[in-house]
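Here is a short briefing to read alongside the sequence and the 3D view.

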Amino acid sequence: MGALAAGSVLLPSYKFAPKKVTNAGVQLYTFRSELMKDPKGTLKIIADLGIKQIESAASNKGLYYGLTPTEMKQTCKDLGMTLRSGHCSVDANWQRTIDQAAEAGQEYLVCSSLPFNGDTIANYQKVSERFNKAGEECKKAGLKFGYHNHDFEFKKDKGQVLYDILLDNTDAKLVHMELDLGWVVASGNDPFAYFKRYEGRFPLWHLKDMKGKGSVEFGNGGLDIVGMLKQSKQAGLKYFLLNRKSIRQVRR
């Protein structure tokens with residue numbers, strides 16, 4: 001990835017969308033190297049590019065790349081940005097994560113890994129119970145809880161898709177799904193079928209194109225971006241976040 005500089009991020013064109021898209025966001029993992037060196041400066045460059053919705057990801061400097069939750073909140077306010085969500089784990093530090101997210105002023109806490117291991121129906125039922133509880137805990141703190149999928153959730157046990165077990169056993173009012181569309185397609189599944197079967201369950205999207213299991217720039221993979229955006233209402237979409245190589249960085 002090239003060095004981040006003003007004007008160096010090439011975003012996909014949204015002329016094909018049913019209406020003009022003005023609220024695109026980005027997963028900050030895309031700029032992780034730059035953020036680790038200069039979080040405030042990098043956030044300013046991202047804001048100057050017109051990106052106002054952001055999602056953080058945990059790093060070895062914490063949830064906000066070395067900034068305190070209060071500093072992150074103030075920096076976003078100064079730049080006219082919204083810290084919409086942040087990736088995290090439901091682990092031994094879970095309550096501290098909730099407290100920090102509330103202090104930072106974000107809306108969603110999105111778990112990006114399963115708290116228990118096992119590609120079985122029983123494990124996904126156990127995970128569902130924990131996620132429902134996490135949703136309740138987040139709600140008490142004024143937050144919304146979500147889960148970000150990969151491809152492994154689409155494995156089957158006894159003929160049942162494990163991701164479906166998660167959807168069927170979690171409370172839609174407490175567990176908000178962040179659907180990674182690239183991984184859905186890469187796993188051989190149809191996002192449109194999920195939009196129809198679980199209408200309104202996917203308020204957050206990770207919008208990235210993929211070829212096989214590798215992230216590529218938009219248009220070089222198998223993602224039907226036009227069709228998916230047309231079905232955003234059925235999916236329940238509120239915010240989408242560009243991710244990794246779907247936006248390209250070049251040296252200036």
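K158 is exposed, with a relative accessible area of 74%; here exposed means over 50%, buried means under 20% and partly exposed lies in between, using a 1.4 Å probe and protein chains only. K158 also has a positive phi of about 55° although it is not a glycine. This is a predicted model, in which local features need pLDDT of at least 70 and side-chain atom pairs count only at pLDDT 80 or more, while totals for chains, interfaces and linings use all residues. Residues are numbered from 1 along each chain as its sequence is written, and side-chain values use heavy atoms, with hydrogens and water left out.

**Positive phi in loops**

- K158 lies in the loop between β7 (156–157) and β8 (160–161); helices (H or I, at least four residues) and strands (E, at least two) are DSSP runs, numbered from the N terminus.
- Y65 has a positive phi of about 60°, although it is not a glycine.
- Y65 belongs to the loop between β3 (53–56) and α3 (69–79).
- Is Y65 buried or exposed? Y65 is buried, at a relative accessible area of 4%.

**Helix α4 and its buried face**

- In α4 (residues 94–104), the buried residues are W94, T97, I98, Q100, A101 and A104.
- Looking down the axis of α4, these buried residues fall within an arc of 165°, so they line one face of the helix; the arc is that of the directions from the helix axis to the C-beta atoms.
- The partners packed against by the buried residues of α4 are α3, β4 (82–88), β5 (108–111), α5 (121–140) and β6 (144–148), where contact means heavy atoms within 4.5 Å.

**Helix pair α3 and α4**

- The axes of α3 and α4 come within 7 Å and cross at roughly 30°; axes are lines fitted to C-alpha atoms, for helices over the stretch in contact, and angles run from 0 to 180 degrees between N-to-C directions.
- That makes α3 roughly parallel to α4, given that angles under 35 degrees count as roughly parallel, over 145 as roughly antiparallel, 65 to 115 as roughly perpendicular and the rest as oblique.
- α3 passes α4 in a right-handed crossing; a crossing is right-handed if the near helix is turned clockwise from the far one by less than a right angle, and left-handed if anticlockwise.
- On the α3 side the contact is made by P69, T70 and K73, and on the α4 side by Q100, E103 and A104.
- The residues of this contact of α3 with α4 divide into 2 nonpolar, 2 polar and 2 charged; Ala, Val, Leu, Ile, Met, Phe, Trp, Tyr, Cys and Pro count as nonpolar, Asp, Glu, Lys and Arg as charged, and the others, Gly among them, as polar.

**Helix pair α5 and α6**

- The axes of α5 and α6 (residues 162–169) come within 9 Å and cross at roughly 35°.
- The crossing of α5 and α6 is right-handed.
- Contacting residues of α5 include Y124 and F131, and those of α6 include L162 and L166.
- By class, the contact of α5 with α6 has 7 nonpolar, 4 polar and no charged residues.

**Two residues to look up**

- H176 sits in strand β9 (residues 175–180) and is buried, with a relative accessible area of 16%.
- Leaving aside neighbours within four places in sequence, H176 is in contact with Y108, K144, F145, G146, Y147, R201 and P203.
- A24 is in the loop between β1 (9–10) and β2 (25–27).
- Not counting residues up to four places away in sequence, A24 touches I51, K52, Q53 and F240.
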